[in-house]
Amino acid sequence: MATLQSIRSSKVTQAAIGLGMLAFIAGGAVEIMKKSGPDTEVSSLNGESLDYAELNDMVDEYKEVLQTMGQLPAGEQVSNEIQAQIREQVYRSYVQQKMIEGECAKLGITVTDAELQNIIKAGNHPLLAQTPFRTQQGTFDLPALQQFLKQREEMMSNPQITPDQREYIDRYYRLWCFIEKEIKKSTLAQKYQMLLSGLTMSNPISAKANFDGRTNETDIVLAALPYTTIQDSEIKVEDSDLKAKYEEYKEAFYQTGETRDIKYIDVIIKASKADEEALNKEMAEYAEDLKKEDAVIEAIVSRSQSLVPYTGMAITTKALPYDIAARIDSMAVGTQTEPYYNIADNTMNIVKLMNKVSRPDSVEVRQIAAINADAAAAKKTADSICNALQAGANFDTIAKAYNQPATKQWVASAMYEGATNLDDATKKMIEFSSTSSVGSIEQIEGEGGIMVVQITDRRNMVDKYDVAVIKRTIDFSNATANDCYNNLSSFIATNKTVEAMEKNQTGEYALLSRDNVEPMTNALPGIEDSREVIRWMYKEATKTNDVSEIFYCGKNREHLVVAALTGVHAEGYRDYNDEQIKQYLTNEVIKDKKAAKLLEKMNSAKSVADVAKIAGAVQDTVQHITFAAPAYIQKMGAVSEAAISGAASAAAQGKFVSGIKGNAGVYAFQVLSKNKTEEKYDEKTEMQRAAQSQQYAISNGLQADMRSPYSVFYKIYKSAKKSDKRHLFY
């Protein structure tokens with residue numbers, strides 16, 4: 001039982017497996033893929049199908065891992081936004097893993113079971129340090145894992161094990177199975193990364209060039225002619241100019257999936273005067289209830305649906321909303337505020353202070369578990385432990401007799417204050433540790449057995465408050481919502497097209513736009529739970545210029561949204577006549593033609609002073625320019641100008657250089673000085689630096705979204721046979 005207990009008592013909830021660390025997760029369901037037919041296929045890649053149920057299994061598995069590792073609150077419903085983020089991460093990781101597996105299969109790269117076991121035995125893989133099987137120093141504890149697996153087999157075959165205990169053990173077993181699979185997958189990815197890194201080895205010539213590019217510095221004085229000195233209206237743009245620019249930038253206009261454009265009206269429903277008056281009346285009643293001598297505080301706060309729960313425990317002001325914490329210090333024990341309005345969060349509030357006490361902010365405890373399927377037997381064991389301790393027995397000796405580490409752990413107020421789901425055992429534990437002296441021993445009975453707890457240290461005495469808070473947002477009523485809906489319906493009924501809505505829009509019914517919305521976009525900007533709008537956009541029946549129904553969106557359905565589909569952009573090269581592409585090309589052509597005009601003005605200049613005399617010129621001095629980094633021109637708005645870095649690094653001291661086309665204008669400069677930093681060249685170190693930089697770029701490329709040109713798999717994914725129909729299911 002020792003390993004099981006160490007898992008229970010370890011700080012698993014503070015583990016830090018982030019979504020980024022599990023860069024290549026794909027979930028266990030992939031290992032037993034079942035093809036369920038095209039009706040439930042969410043995507044396919046090079047002939048391999050992913051089913052709706054399989055993706056859900058992967059998401060559920062990963063969600064459980066995050067909960068077990070403390071990245072998500074266990075037992076609480078995950079928000080739509082978080083659920084969508086998890087689903088997207090899992091899907092992207094699944095596709096990445098399939099791409100890696102496909103490339104490795106062509107090259108004969110594998111990870112054998114023997115390799116996997118050797119990695120686990122070595123204990124150095126980063127994921128192993130995130131398991132509950134850890135030493136006191138935080139390193140992976142292989143014997144603890146082996147003991148857990150052995151105990152699991154024994155306990156799972158024991159008919160006396162309760163369903164809760166069985167699920168507890170099995171949950172950690174599933175966590176281990178998940179991590180084991182992820183180690184194998186990440187190892188395969190590492191092998192592929194090492195192969196790519198081996199193809200980009202540095203050499204002495206490039207190492208010296210990199211060193212010089214970083215350590216050779218140039219100071220210049222420059223004069224610039226900003227593009228803003230010429231009005232756009234002075235530039236004539238021909239269709240031939242746009243077509244030539246389109247061909248030049250064509251690859252930048254390729255998209256690996258469909259996107260769509262919409263325009264929409266977002267009406268925010270706000271509480272009416274009648275709604276405010278109704279809440280004021282309700283709050284006045286709660287205030288009177290709290291003043292009664294026989295008031296059941298917890299029941300009143302619960303009935304009020306306060307945003308601040310009441311647990312009956314004394315808490316620090318850090319656990320309270322800012323406006324409440326600021327008010328507490330000036331209140332006397334036993335007093336209560338009248339209902340008041342807080343403009344910062346649009347709430348009505350009542351505060352009643354029952355008590356103020358001095359308690360430790362952190363308490364160190366250790367524990368021994370008396371676990372048994374039979375409650376009476378568990379109680380007998382707990383009594384025996386307590387009697388021995390009270391008789392002077394050594395705590396560590398007793399813990400060792402029960403095969404438990406009895407590790408000391410600090411429990412800080414911040415770890416439990418503000419929680420809304422504390423069970424009775426946890427509350428009893430907190431109350432005992434907060435009010436008892438060092439050395440005190442108590443039995444804490446919980447769902448899995450009885451814990452014998454001893455306080456070993458207490459620190460940082462702080463003020464804590466037993467305070468009841470009724471905080472209620474001033475919400476709108478159904479009647480108010482219906483009025484807003486009907487008014488918007490009337491507007492849409494008389495403006496049935498995009499053109500009409502655009503022409504007759506008002507402040508309340510302003511038409512907003514969003515271009516290039518992807519199928520799995522979870523929400524419109526600033527509008528929670530607006531996925532239904534995106535789903536409508538991508539329905540097969542929705543055509544360009546169609547206007548939607550009115551959608552209720554937002555966390556509290558406080559947004560009314562009506563949308564119109566204004567553009568569809570299929571996978572592939574965006575069309576030359578696309579309005580957005582045309583606008584981008586026009587801007588680039590205008591910049592080119594402005595540059596040509598300005599360069600012509602600059603052509604006869606023989607010095608920076610000559611350029612500075614031209615109308616609209618800007619002068620600046622820029623120091624420490626290197627070839628390795630773009631120069632920033634402060635007088636031009638701190639614009640980044642890589643062209644200046646290259647030209648200045650190549651120019652000799654005293655040299656005048658003109659005709660440099662940049663991002664914000666055209667430039668001429670003179671080199672004031674050429675300097676070198678004190679850094680000494682070391683060929684071996686420089687080659688290592690270059691290799692690390694290349695490996696970093698490859699690693700980022702492996703983890704990048706495959707739709708991005710920066711991804712290692714961009715071209716492979718671009719040409720792959722694929723479909724993504726997730727938007728039809730989520």
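These legends describe close-up views of a predicted model.

**View 1. The whole chain, for orientation.** The protein chain has 730 residues, and 44% of them count as buried. Its secondary structure comprises 22 helices and 20 strands. Along the principal axes, the C-alpha atoms fill a box of roughly 100 × 70 × 60 Å. Take the contacts between residues at least 6 apart in sequence: 73% of them join residues at least 24 apart. Across the whole structure, a search finds 50 salt bridges.

**View 2. Helices α2 and α3 cross at about 115°.** Helix α2 covers residues 52-68, and its axis lies 9 Å from that of α3. The angle makes α2 roughly perpendicular to α3. The crossing is right-handed. From α2, the contact uses Leu55, Met58, Val59, Tyr62, Lys63 and Leu66. From α3, it uses Gln83, Ile86, Arg87, Gln89, Val90, Tyr91 and Tyr94.

**View 3. Arg87 is buried without a salt bridge.** Arg87 sits in helix α3, which spans residues 80-107. Which side chain of opposite charge is nearest to Arg87? That is Glu88, 7.2 Å away. A salt bridge requires the side-chain nitrogen and the carboxyl oxygen to be within 4 Å. Setting aside residues up to four places away in sequence, Arg87 touches Leu55, Val59 and Tyr730. Leu55 and Val59 also belong to the α2 side of the helix contact.

View 4. Asp289 lies in α9, residues 273-291. Its C-alpha atom is 7.4 Å from that of Ile300, eleven residues apart along the chain. Asp289 is in contact with Ile300, and also with Ala295 and Arg303, leaving aside neighbours within four places in sequence.

View 5. Asp212 is partly exposed, at 22% relative accessibility. Lys208 is partly exposed too, at 35%.

**View 6. Arg214 of helix α7 pairs with Glu686 of helix α21.** In this salt bridge, the closest N and O atoms are 2.7 Å apart. Helix α21 runs over residues 683-703, so the pair ties together parts that are 472 residues apart in sequence. Glu686 counts as buried, at 4%.

**View 7. A loop and a strand are linked by Glu417 and Lys464.** The closest N and O atoms of this salt bridge are 4.0 Å apart. Glu417 lies in the loop between β8 (409-412) and α14 (424-435). Lys464 lies in strand β10 (residues 449-473), so the pair ties together parts that are 47 residues apart in sequence. Glu417 counts as buried at 14% relative accessibility. Lys464 is buried as well, with a relative accessible area of 1%.

**View 8. Seven charged residues share one salt-bridge network.** Side chains of opposite charge can pair when their charged atoms come close. Here, salt bridges with shared partners join Glu88, Arg92, Glu518, Asp705, Arg707, Asp724 and Arg726.

How values were computed. Residues numbered from 1 in each chain as written. Predicted model: local features only at pLDDT ≥ 70, side-chain atom pairs only at ≥ 80, totals over all residues. Heavy atoms only, no water. Helix = DSSP H or I, 4+ residues; strand = E, 2+ residues; numbered from the N terminus. Buried < 20%, exposed > 50% of the residue type's maximum accessible area, 1.4 Å probe, protein only. Lys, Arg positive; Asp, Glu negative; His and termini not counted. Contact = heavy atoms within 4.5 Å. Axes fitted to C-alpha atoms, helices over the stretch in contact; angles between N-to-C directions. Parallel < 35°, antiparallel > 145°, perpendicular 65-115°, else oblique. Left-handed = near helix turned anticlockwise from the far one by under 90°.
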